[in-house]
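Please read the following report with the sequence and the structure side by side.

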Amino acid sequence: QRTPQHLRPPGPRPLPLFGNAFHIPKSRGWLAFIKWEKVYQSSLLFASAFGQSILVINSLEHATEFLENRAQTTSGRPMLPLIKMIGWEEQTPVMQYGERWRKHRKVLHQHLRKEVLDRYDSVMMQKSHELLCKLANTPVQFMDHCRVYSAAVIMDILYGYDLASNDDHWFLRAKRVIDTSSLVLAPGAFAVNNFPFLRHIPRWFPGAGFHDFASQLRDFTMEMRDLPYDFAKGSFLKGIGRASLVGTWLQEEAIGREDEMFYRDLAVGAFGAGFDTTSSSLTALIHALVLHPKVQQKAQEQITQVIGSRRLPNLQDRRHLPFLEAIYREVLRWRPPLPLGFPHQTTKDDIYNRYHIPEGTVVLANIWAMTRDESIYTDPEEFRPERYLCSDGSLNDDDRVLAYGFGRRICPGKFLASESFWLAMAQMIATFEFSKPKDQNGDDVELEVHYTDEVLR
Ligand code: HEM
């Protein structure tokens with residue numbers, strides 16, 4: 001039986017021309033889409049805006065079926081006009097699906113797969129110790145310290161660059177690009193993303209401020225791409241400095257000009273993707289520990305019991321500390337850094353679940369909704385690591401971390417992220433007690449916590 005071309009999954013009724021542009025929320029879409037699910041009684045939802053079709057997936061079952069079992073045609077990325085104007089189009093996370101992207105993934109897999117990660121143990125150890133020192137000296141700046149840790153691990157691995165200080169000039173430059181990037185990706189922040197023809201209007205035209213924004217960000221992006229790469233290349237050619245992936249690539253291949261652009265883009269894409277994601281989770285961890293002193297105490301007891309208190313935990317201890325593993329899983333469930341994942345795009349017309357999904361549909365996997373599925377996670381808003389443990393304290397088999405996304409686009413840095421998060425977490429818990437601030441009378445001051453509402457929280 002053929003499906004009528006117009007049969008779409010349920011969703012709000014579109015208006016002529018605008019579609020659902022006024023229904024699609026500009027921020028916190030993950031919460032709005034959970035409400036849509038209740039209204040339209042479906043975990044598969046459809047909307048459109050200015051002719052762009054959007055499919056929202058709220059359940060793991062549909063995410064697996066659509067984004068993994070049909071990955072052949074659901075692994076594209078939407079190409080926003082601003083991304084091109086800024087010069088990001090060759091970076092892995094936003095790159096079009098195809099041969100070049102496959103080559104990126106092959107290289108990333110080669111160097112970031114689970115089996116080779118122990119190469120980076122000493123980098124993570126050094127950076128984690130620096131994090132502990134900073135937290136001890138200036139605890140108020142804990143968010144900055146987590147950001148520097150996250151960036152320092154990836155910068156050292158990629159470029160052999162030893163980022164130690166929060167005022168490091170390359171860190172600050174990269175931060176400027178990353179902080180602005182959420183604006184580029186935010187739905188509706190720039191009209192040119194909805195109306196690509198606008199990119200042709202001249203700079204002097206009223207409302208064409210995006211030209212200046214794009215050209216400035218392009219300059220910063222090129223700096224972020226080229227300065228650390230040239231540093232790593234210089235160290236390699238002179239035979240000095242720390243080992244780096246850039247050095248390894250230069251050594252393995254006689255790199256021509258075109259290859260060199262390939263590796264520059266590859267490195268900066270991984271740098272951008274790994275810059276802030278782990279720090280988002282570390283910050284959420286601190287939030288959770290402050291709210292749950294008993295969790296903290298239980299984790300400290302397990303560390304003391306298993307490895308004593310004469311040394312800090314290391315990555316070889318990981319498999320002996322199931323409660324810490326449960327905390328890792330729970331932090332990424334409770335506060336996934338990218339609640340709507342990163343948008344995929346279909347590259348072919350498809351009939352799915354009797355619905356017609358047109359080619360070019362943007363697909364949003366609502367990780368927030370999936371990690372709040374009450375049939376799997378009772379009281380999903382509660383932070384409760386025990387949900388990952390069996391009654392004897394061993395781990396259960398719910399080890400799929402949804403925060404890393406789906407299908408062929410799944411995060412290639414997930415093993416590195418997992419190890420660097422785990423190490424910093426274990427060492428922080430072994431060393432400190434995180435608690436609410438006290439007032440003059442020694443009473444707890446209630447926390448006021450704000451998470452940002454962007455693509456990456
Ligand atoms: C807690 C930490 C992290 C989280 C939660 C996370 C999450 C994600 C998510 C949700 C995606 C999109 C997946 C999809 O499209 O379905 C992604 C893509 C990506 N991540 Fe991560 N990530 C983390 C850390 C890292 C690190 C440390 C790196 C460093 C190498 C990295 C590199 C990438 C790259 C290169 C992509 C693009 C993959 C592609 O488009 O093919 N990520 N990540």
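Among the contacts in the chain with a separation of 6 or more, 73% are accounted for by residues 24 or more positions apart, where two residues are in contact if their C-beta atoms, placed from the backbone, lie within 7 Å. This is a predicted model, in which local features need pLDDT of at least 70 and side-chain atom pairs count only at pLDDT 80 or more, while totals for chains, interfaces and linings use all residues. Residues are numbered from 1 along each chain as its sequence is written.

The radius of gyration of the chain, taken over C-alpha atoms, is 23 Å, which agrees with the value near 23 Å that a compact globule of 457 residues would have, the globule rule being 2.2 Å times the number of residues to the power 0.38. Along the principal axes, the C-alpha atoms fill a box of roughly 65 × 55 × 45 Å.

The chain has 17 helices and 6 strands, which are DSSP runs numbered from the N terminus (helices are H or I with at least four residues, strands are E with at least two). An open sheet with mixed pairing is formed by 4 strands in the order 1-2-6-3, and its edge strands, strand 1 and strand 3, each pair on one side only. Two strands pair if DSSP finds at least two bridges between them; strand 1 and strand 2 do so in the antiparallel sense over 6 bridges, and Ser48 stands opposite Ser53 in strand 2.

Of the 457 residues, 40% count as buried, a term that requires 20 or more other C-beta atoms within 10 Å of the residue's own, with C-beta atoms placed from the backbone. The largest nonpolar core has 107 residues, and Leu158 and Met425 have the most contacts inside it; such a core is a set of buried Ala, Val, Leu, Ile, Met, Phe, Trp, Tyr and Cys residues joined through C-beta atoms within 7 Å. Helix 7 gives the most to this core, with 11 residues. Leaving aside neighbours within four places in sequence, Met425 is in contact with Leu285, Leu324, Ile327 and Tyr328.

Lastly, the ligand has a shell of residues, and helix 12 gives the largest share of it, 4 residues. The elements that give two or more residues to this shell are listed here.

| Element | Residues |
|---|---|
| Helix 5 | residues 99-112 |
| Helix 12 | residues 257-275 |
| Helix 13 | residues 277-291 |
| Helix 17 | residues 414-431 |

Notes:
Buried ≥ 20, exposed ≤ 12 C-beta atoms within 10 Å, placed from the backbone.
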